[in-house]
Amino acid sequence: EAEVSFGGNGSVKAGIPAEMAMLPCADPALRRSMLQEFVRIDCVFVEMLAGLTSMYGDVAKSSRGGWSEAEHLTYLQVSQQYKKGDAVVHSAQYLQYLNQVLPSRTRQQIWAHARWHARRRAYLEQRRALVRSWKEHRADQCKATEEAFRKCNEIVEREEATLAQQQRMMRLRAKLYERVLELRREKMARLDAENAERSERLRREEEEFRAEEEKEQKRRAQEKAKVDSFKQKRASAALSREKAEAQKRERLRREAEEQRPRLKERVRYRENERADKLAQARRAEEAKQAELREVEETLDRLRQQTRDRTGASNVTT
């Protein structure tokens with residue numbers, strides 16, 4: 001036997017079980033057939049697992065879909081909050097919240113990871129079912145082998161003395177072998193039914209995802225149309241404002257050109273008026289200075305006269 005491991009899905013001991021190989025059987029052909037059935041079962045399930053891995057090649061090789069461990073763990077925690085039964089409800093609120101907690105990822109990347117994760121879960125679920133079925137088939141084969149060997153040995157022990165007994169043993173062996181074939185056909189029918197059910201479930205999931213993806217694409221197209229319309233309206237408004245401002249500037253320029261002569265005349269009038277005021281102020285100042293000089297001269301004459309009178313009085317005395 002060789003142990004085949006499947007990580008979190010456990011392991012299967014493939015090949016002929018040692019305890020079955022050690023069981024005695026009076027019929028070598030029956031023994032070979034029953035023991036070889038273990039190898040055939042292993043080959044069937046290995047082929048089915050390989051086909052499953054090939055069908056899910058994009059998710060079977062990666063445990064996080066190309067995301068970091070922290071990002072994938074955050075995604076799993078948020079998905080758990082929006083879980084309804086065994087399925088995650090991919091609502092707009094769910095995607096918006098993921099956008100907030102995963103700012104480094106775009107909405108399209110989050111949507112792609114959600115689809116990858118759903119396919120990953122479907123792959124692991126089907127792989128677990130196959131591994132479980134593989135173990136069950138090997139366990140059933142162990143029971144069938146023990147029972148066939150036991151009955152064959154009993155028959156040989158009871159009836160090997162005579163040819164008639166040997167013929168009966170051959171017929172019984174044929175019946176046992178036919179029963180083994182019948183069990184094999186039943187097992188294969190159950191496997192086919194399980195595979196058909198898994199395929200149908202996968203088809204429905206794919207259709208649901210395609211419908212959600214089309215809905216999301218339509219929503220993004222509507223949002224883009226709204227953004228484009230808003231940009232076009234804003235550009236048109238900006239063009240209108242720019243045209244109005246240009247017209248206003250041109251009107252102000254024409255008004256300024258029309259008022260320039262009047263402004264020059266006004267400036268010239270104010271300069272003349274200021275010059276007249278300055279001249280008047282100068283004349284007033286000159287008159288004031290002349291008046292002051294005249295008063296000063298009058299005071300000088302009075303002081304001189306006073307001195308002259310005082311001197312004459314002193315002489316008389």
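A residue is called buried when its relative accessible area is under 20%, exposed when it is over 50%, and partly exposed in between, with a 1.4 Å probe and protein chains only. By this scale Asp300, with a relative accessible area of 37%, is partly exposed. The structure is a predicted model, in which local features need pLDDT of at least 70 and side-chain atom pairs count only at pLDDT 80 or more, while totals for chains, interfaces and linings use all residues. Residues are numbered from 1 along each chain as its sequence is written, and side-chain values use heavy atoms, with hydrogens and water left out.

The overall layout comes first. The chain has 317 residues, of which 26% are buried. Its secondary structure consists of seven helices and four strands; helices (H or I, at least four residues) and strands (E, at least two) are DSSP runs, numbered from the N terminus. Read from the N terminus, the order of the elements is β-β-α-α-α-α-β-β-α-α-α.

The packing of two of these helices may be considered next. Two packed helices are described by the angle between their axes and the distance between the axes. Helix 2, which covers residues 28-55, packs against helix 6 at an angle of about 175°, and their axes are 10 Å apart. Here axes are lines fitted to C-alpha atoms, for helices over the stretch in contact, and angles run from 0 to 180 degrees between N-to-C directions. Helix 2 and helix 6 are therefore roughly antiparallel to each other, given that angles under 35 degrees count as roughly parallel, over 145 as roughly antiparallel, 65 to 115 as roughly perpendicular and the rest as oblique. The contact of helix 2 with helix 6 includes 18 nonpolar, six polar and six charged residues. In this classification Ala, Val, Leu, Ile, Met, Phe, Trp, Tyr, Cys and Pro are nonpolar, Asp, Glu, Lys and Arg are charged, and the others, Gly among them, are polar.

Individual residues in these helices can now be located. Met48 belongs to helix 2 and is buried, with a relative accessible area of 17%. The C-alpha atoms of Met48 and Leu130 are separated by 7.9 Å, although the two residues are 82 residues apart along the chain. Arg138 lies in helix 6 and is buried, at 7% relative accessibility. From Arg198 to Ala129 the C-alpha to C-alpha distance is 9.7 Å, and they are 69 residues apart in sequence.

Charged side chains form a further theme. Side chains of opposite charge can pair when their charged atoms come close. The structure holds 24 salt bridges, a salt bridge being a side-chain nitrogen of Lys or Arg within 4 Å of a carboxyl oxygen of Asp or Glu. One of them joins the side chains of Arg201 and Glu125, at 3.6 Å from N to O. This pair links distant parts of the chain, for Arg201 is in helix 7 (residues 163-316) and Glu125 is in helix 6 (residues 107-159), 76 residues apart. Arg201 is partly exposed at 23% relative accessibility, and Glu125 is partly exposed at 38%.

Another salt bridge connects Asp300 and Arg303, with an N to O distance of 2.2 Å. Both residues lie in helix 7, three residues apart, about one turn of the helix. Arg303 is partly exposed, at 40% relative accessibility. The side chains of Arg179 and Glu186 also meet in a salt bridge, at 4.0 Å from N to O; Arg179 is partly exposed at 39% relative accessibility, and Glu186 is partly exposed at 32%.

Val295 lies in helix 7 and is partly exposed, at 42% relative accessibility.
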